[in-house]
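Hello,

I'm passing a structure on to you, along with a few notes on what turned up in it. Have a look at it first, and then read on.

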Amino acid sequence: MENFLAGTSEELVLLINNLGGISPLELGAIFAEVVDQLQHNHDKKLLRIYCGTFMTSLNSPGFSISLLNVRDLGVQGSVLNFLDAASDVPGWHATSWPTSNITPKSFRQTPKDVHQSQSQLETSQVHLKCELDVVVKRLKAGLQSMIASEPDVTENDNLVGDGDCGTTLKRGAEGIFGLITETKITAIVSLLDQTFWSRALAFALNSLEKYTPAREGDRTLMDSLIPFVNILKATGELNQAAEAAMNGAEKTKWLHAKLGRTVYIGEEEKWLGKIPDPGAWGLASFLVGFSRGW
């Protein structure tokens with residue numbers, strides 16, 4: 001790659017190809033890094049950027065990078081004209097990325113940028129009280145409650161899901177618990193002001209609902225999350241909100257699944273009215289533990 005870049009013109013066309021097993025989030029990170037390196041480290045001007053799934057390899061978890069010199073081919077029309085031309089080839093579903101606003105600074109902060117960001121943080125402090133010891137106790141209690149719920153969540157998920165929900169929640173909780181235990185926390189901003197938290201959670205829930213169709217009644221963790229947020233916002237009482245979350249998880253026992261794997265597993269006679277949604281139960285367990293963690 002280094003030898004190729006050294007002998008190329010300053011103007012290039014970039015194609016990043018997903019071999020089949022890369023998620024959109026990962027592909028976006030790869031895109032940002034490749035563009036940053038080409039522009040920042042090699043001073044290349046990218047006239048066209050194509051990023052997507054063009055040629056796969058049995059859903060391989062990898063990607064390929066192709067670079068094309070923009071040079072005069074000695075025929076009528078430039079390389080860019082050919083790339084921009086209409087095509088009905090099924091595999092070429094490319095729309096080039098607008099490169100006019102893509103600069104190295106788009107993806108890389110300079111020391112000056114970092115200094116400015118730090119200064120902005122220092123001048124925009126939120127003046128709310130924080131009882132750090134209570135925060136840690138509550139968080140640990142919530143994590144311990146989630147860890148303890150793993151056998152039930154796993155048993156339920158074996159029947160209505162992939163069987164991995166309980167272990168996934170447990171591992172995540174154990175990892176966070178270990179960091180809290182081993183790391184000396186020196187600063188947490190505004191974690192216990194319930195008015196602040198209720199407004200922040202309501203805003204976060206509203207944002208989340210823009211990206212998922214899941215709502216209360218769909219038999220997902222939203223059946224715990226939405227009641228928790230709504231009750232906390234209405235009353236400011238953490239215990240009541242946590243109780244509402246657990247009640248919401250209990251109600252999922254009688255809900256027909258509208259989203260997730262449970263939709264196509266079938267055999268409702270084995271779990272309807274008996275087994276709650278594993279995700280909702282795991283979240284409710286954390287919230288109840290958090291509310292009681294004095």
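Predicted model: local features only at pLDDT ≥ 70, side-chain atom pairs only at ≥ 80, totals over all residues.

You will find Thr252 in the loop between H10 and helix H11 (262–265). Thr252 has a relative accessible area of 0%, so Thr252 counts as buried. Leaving aside residues up to four places away in sequence, Thr252 touches Arg219, Asp223, Ile275, Pro276, Asp277 and Ala280.

Next, two helix pairs. Helix H9 (residues 222–235) and helix H10 (residues 238–251) have axes that come within 7 Å and cross at roughly 155°. That angle is over 145°, so H9 is roughly antiparallel to H10. The crossing of H9 past H10 is right-handed. On the H9 side, the residues in contact include Asp223, Pro227, Phe228 and Ile231, and they meet H10 residues including Leu238, Ala241, Ala245 and Ala249. Sorted by class, this contact has 10 nonpolar, 4 polar and 1 charged residues.

The other pair is helix H6 (residues 150–160) with helix H12 (residues 278–292): their axes come within 9 Å and cross at roughly 165°. H6 and H12 are therefore roughly antiparallel as well, and H6 passes H12 in a left-handed crossing. Val153, Asn156, Asp157 and Val160 of H6 make this contact with Pro278, Trp281 and Gly282 of H12. Here the classes are 4 nonpolar, 2 polar and 1 charged.

Enjoy exploring it!

Best wishes

Notes: Residues numbered from 1 in each chain as written. Heavy atoms only, no water. Axes fitted to C-alpha atoms, helices over the stretch in contact; angles between N-to-C directions. Helix = DSSP H or I, 4+ residues; strand = E, 2+ residues; numbered from the N terminus. Parallel < 35°, antiparallel > 145°, perpendicular 65-115°, else oblique. Left-handed = near helix turned anticlockwise from the far one by under 90°. Contact = heavy atoms within 4.5 Å. Nonpolar A, V, L, I, M, F, W, Y, C, P; charged D, E, K, R; others polar. Buried < 20%, exposed > 50% of the residue type's maximum accessible area, 1.4 Å probe, protein only.
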